[in-house]
Amino acid sequence: MIRKEGRADSEAPADNLVQAHDSVSADDMEITELYRIFRECGAVETDSRKIRGGELFYALKGENFDGNEFAVKALEAGAAYAVVSADSRVASDGNPRIIPVTDTLKSLQELARYHRSMTFVCGKPLTVIGLTGTNGKTTTKELVKAVLSVRYNVTATEGNLNNSIGVPLSLLKINSDTQIAVIEMGASHPGDIAELVSVALPNYGLITNVGKAHLQGFGSFEGVMKAKGELYDYIQRTADKVFLNADNPYLCRMASERPDLLTIPYGVEYQHAAVLPSSPDNPFLRLKVPVSAGDGFVEIDTSLVGAYNADNVMAAIAVGKEFGVPLEDAAGAIRAYRPSNSRSQMVRTQSNIIVVDAYNANPTSMKAAIDNFRSMAADHKALMLGDMLELGQDSVNEHLAVLRDSSAMDADVYVVGSEFGKALDIFRNEHDGTGGDAAARPIMHFDTSDALAEWLGAHPLSGCAVLVKGSRGTRMEKILPCL
């Protein structure tokens, strides 16, 4: 049965626009009044260049910009109201369409939390699935959305808007059609997830995995586990449920440390599924998943590159099952899903086959990508790897480990960035300046992806399988036109 006919209910909007008011601070304004303004505007915008008319503009401050400076421009472009910092110049202009607040980000988060709380489906509170993890968050979120969309109207985080600004903006996209929301949450410091769950108020939690990422902010791998575990802590307090990858020892350990945590287990091994062999003609992930009743298997051919995506697929199937999506329907949605934005993509050019996984990188995802690439059948391979950022004091050792791993593969190796440069000096000293044993190919280093792109323009590759991966800051996608 298709359930897309249900609608989300929330506080009924007023018939007319809010009358112009004195510049009263939202700290003094009841949240119900601010919410009424939001409902009448219908949308929130934080970029004055994207105003189309009628929005509630929030003037946020960043490292390189101050939205307060663009509040008047947003109003002139058609925004209905602008929420600004009370200590900003524009707050004292006396404009009745200006709403001063002490902290615009906190105000945005409060508004989003209230909107989430005031949204109901068929008289019941809206279901929100909160999702985090070191790797695979966005891919898993997209797969979950695809599976749930078979039966429900789903509002999900757009792209990777998963931080203290992105999460409230995602929640404020929830509308009268929404039946389930899937909210991705990222973290780079302790307390980030705790902050985001206090805004999203999830009923279900899912941690894809925990690995070595943002070590500069978390301090250690144990710090990563503790920070990601803030999602489990919240779900434990609310007596709701988490989807648990029962194959992952770290996640199982985290769950066992919270003995009254309610879990919905899943996993390739746990569910006796299997990753099917790939081939040069079909290098994509293929899975064989048993039917729950025990009558045979369902084969799923995906458009995802890498066996490490099997966990993401199994997570989506588990979420679908919890919400009544049959396995065959879930499998169909997963087959139809096409990755984008440089995540687990296979790109065939006139000259080469490229595995593009260049949206981000950390030691855990880098190893998984290299291991998967090693298993690919190809006559000629090349690794093009950019720095893994925010690793703190572990950075050089982690980059050195990648060089050792890469050099053991029969492939040309190109690395980009200062961290790889430091590690390469050590690596070459280990190998007497040869970059490996006498038979190994040398590792080529470039300061920037622009420099590598220029080199590739002068020395084009052909008939090669290429893995492109690196942290977002290295901009490894710049080399793609040269391949």
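Reader: Which elements do the buried residues of H13 pack against?

Author: This is a predicted model, in which local features need pLDDT of at least 70 and side-chain atom pairs count only at pLDDT 80 or more, while totals for chains, interfaces and linings use all residues. Residues are numbered from 1 along each chain as its sequence is written, and side-chain values use heavy atoms, with hydrogens and water left out. Helices (H or I, at least four residues) and strands (E, at least two) are DSSP runs, numbered from the N terminus. Contact means heavy atoms within 4.5 Å. The buried residues of H13 pack against strands S18, S19 and S22 and helix H14.

Reader: Which residues of H13 are buried?

Author: Buried means under 20% relative accessible area, exposed over 50%, partly exposed in between (1.4 Å probe, protein chains only). An α-helix has 3.6 residues a turn, so residues three or four places apart point the same way. In H13 the buried residues are Pro363, Ser365, Met366, Ala369, Ile370, Asn372 and Phe373.

Reader: Why is strand S4 described as largely enclosed by the rest of the structure?

Author: The description applies because 5 of the 5 residues of S4 (residues 81-85) are buried.

Reader: In which sense does S4 pair with S3 and with S5?

Author: Two strands pair if DSSP finds at least two bridges between them. S4 pairs with S3 (residues 56-58) in the parallel sense over 3 bridges, and with S5 (residues 98-101) in the parallel sense over 4 bridges. Tyr81 of S4 is the bridge partner of Leu56, and Val83 stands opposite Ile99 in S5.
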